[in-house]
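Please read it alongside the model.

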Amino acid sequence: MTATAGTVEGAEAPVPRPPGTHGARPGPWRSRLYRWDVRYSPYAFIAPFFLFFGAFGLFPLLYTGWASLHRVELAAPDHMEWVGLHNYTRLLDDAFFWHALRNTFTIGVISTVPQLLMALGLAHLLHYRLRAATFWRVALLTPYATSVAAATLVFVLLYGRDYGMVNWALGVLGIGPVDWQNGTWTSQFAVSSIVIWRWTGYNALIYLAAMQAVPDELYESAALDGASRRQQFRYVTVPALRPTILFTVVVSTIGATQLFGEPLLFGGAGGQKGGASHQFQTLGLYLYEQGWFNFHLGRASAVAWTMFLILLLIAAVNMLIARRLRKSH
């Protein structure tokens, strides 16, 4: 082999470098910039979340807590008079607050228990192979995608005293018309039915996802032992879904504590009162009435923080129950 001029026979050709480098190594400032990029870029990516959370989450929470210790009126929100815990002690003597708390509990139980039981049954049906399974899953999620206003207005028409379809169906069965809006239990049942209709499918899909994570070997072993589908559901499915059931109970309880849109729209023009006798006024409506109809922002802030403390109590109970479930397994 003949060597060309300026080269050595058998030597490899030099590797070309990117234009502009001229064979020089990166400077110290480039290495430092690279290290900064690796170290601080993740914080820059998540910074918008913390900025929005601080502006629209943390600051309103702290400011509401500060306002709950003052006498603040909607007509002059900049004028704050220190009253300490007076707004909280006043709640303890307010019969309307306790009435709203009792209504919130009652509506929460009426809406949560049937909702989760129906969701569990629907998930069990969808867990087995059905025709058009995707269609049924989408149909279950449709009420959740419907706006609160649209759903509530439709239910207001259904529960109409004179021309509602529900009273028409009762009349066919020989039952007289029911004044759904002005009765205590009837109005609470009507509001609860709206919540049940909107959230049952959502919880059913959560249960369905949890059921699909249960190993098939458990069902096969139960079938070999002679267990029927009902027994498999009771002794295999339900124990495996305990953490998921606990999660849905807690989330539904939190939602019931914050219930606002459904009773407000169901009550019509005076919806903030929850009916003429406050028969379905929830804590959310009581807060709204105190702040934006009675103009007492300090009292409304105290109600908001009381609801927040109730939710913290619910979260603490959830942690205790979850810890006991983990120990039992």
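**Notes on the predicted model**

1. Thr200 lies in helix α7 (residues 184-212); helices (H or I, at least four residues) and strands (E, at least two) are DSSP runs, numbered from the N terminus. This is a predicted model, in which local features need pLDDT of at least 70 and side-chain atom pairs count only at pLDDT 80 or more, while totals for chains, interfaces and linings use all residues. Residues are numbered from 1 along each chain as its sequence is written, and side-chain values use heavy atoms, with hydrogens and water left out.

2. The relative accessibility of Thr200 is 6%, so the residue counts as buried. Buried means under 20% relative accessible area, exposed over 50%, and partly exposed in between (1.4 Å probe, protein chains only). Leaving aside residues up to four places away in sequence, Thr200 touches Gln115, Met118, Ala119 and Leu122; contact means heavy atoms within 4.5 Å.

3. Helix α1 (residues 28-67) and helix α13 (residues 297-328) have axes that come within 8 Å and cross at roughly 120°. Axes are lines fitted to C-alpha atoms, for helices over the stretch in contact, and angles run from 0 to 180 degrees between N-to-C directions. The two helices are therefore oblique to each other, given that angles under 35 degrees count as roughly parallel, over 145 as roughly antiparallel, 65 to 115 as roughly perpendicular and the rest as oblique. Leu61, Thr64, Gly65 and Ala67 of α1 meet Gly298, Ser301, Ala304, Trp305 and Phe308 of α13. These residues divide into five nonpolar, four polar and no charged; Ala, Val, Leu, Ile, Met, Phe, Trp, Tyr, Cys and Pro count as nonpolar, Asp, Glu, Lys and Arg as charged, and the others, Gly among them, as polar.

4. How far apart are the axes of α3 and helix α10 (residues 242-257)? They are 9 Å apart, and the helices pack at an angle of about 145°. The contact brings Thr104, Gly108, Thr112, Gln115 and Leu116 of α3 together with Thr248, Val249, Ser252, Ala256 and Thr257 of α10. By class, it has three nonpolar, seven polar and no charged residues.

5. Arg102 is also found in helix α3 (residues 95-127). At 48% relative accessibility, Arg102 counts as partly exposed. Its C-alpha lies 15 Å from that of Lys273, a residue 171 positions apart from Arg102 in sequence. Thr89, in helix α2 (residues 86-92), is partly exposed, with a relative accessible area of 39%. The C-alpha atoms of Thr89 and Ala302 are separated by 9.7 Å, although these residues are 213 residues apart along the chain.

6. Strand β1 (residues 70-73) pairs with strand β2 (residues 76-82) in the antiparallel sense over three bridges; two strands pair if DSSP finds at least two bridges between them. A hairpin of two residues joins β1 to β2, and Glu73 has Ala76 of β2 as its bridge partner. In β1, His70 and Val72 form the covered face, whereas Arg71 and Glu73 form the uncovered one. In a regular strand the side chains alternate between the two faces of the sheet.

7. Backbone geometry deserves a remark at two loop positions. His278, in the loop between α11 (261-266) and α12 (283-292), has a positive phi near 55° although it is not glycine. His278 is buried, with a relative accessible area of 13%. Phe295, in the loop between α12 and α13, likewise has a positive phi, near 65°, in a residue other than glycine. Phe295 is partly exposed, at 42% relative accessible area.
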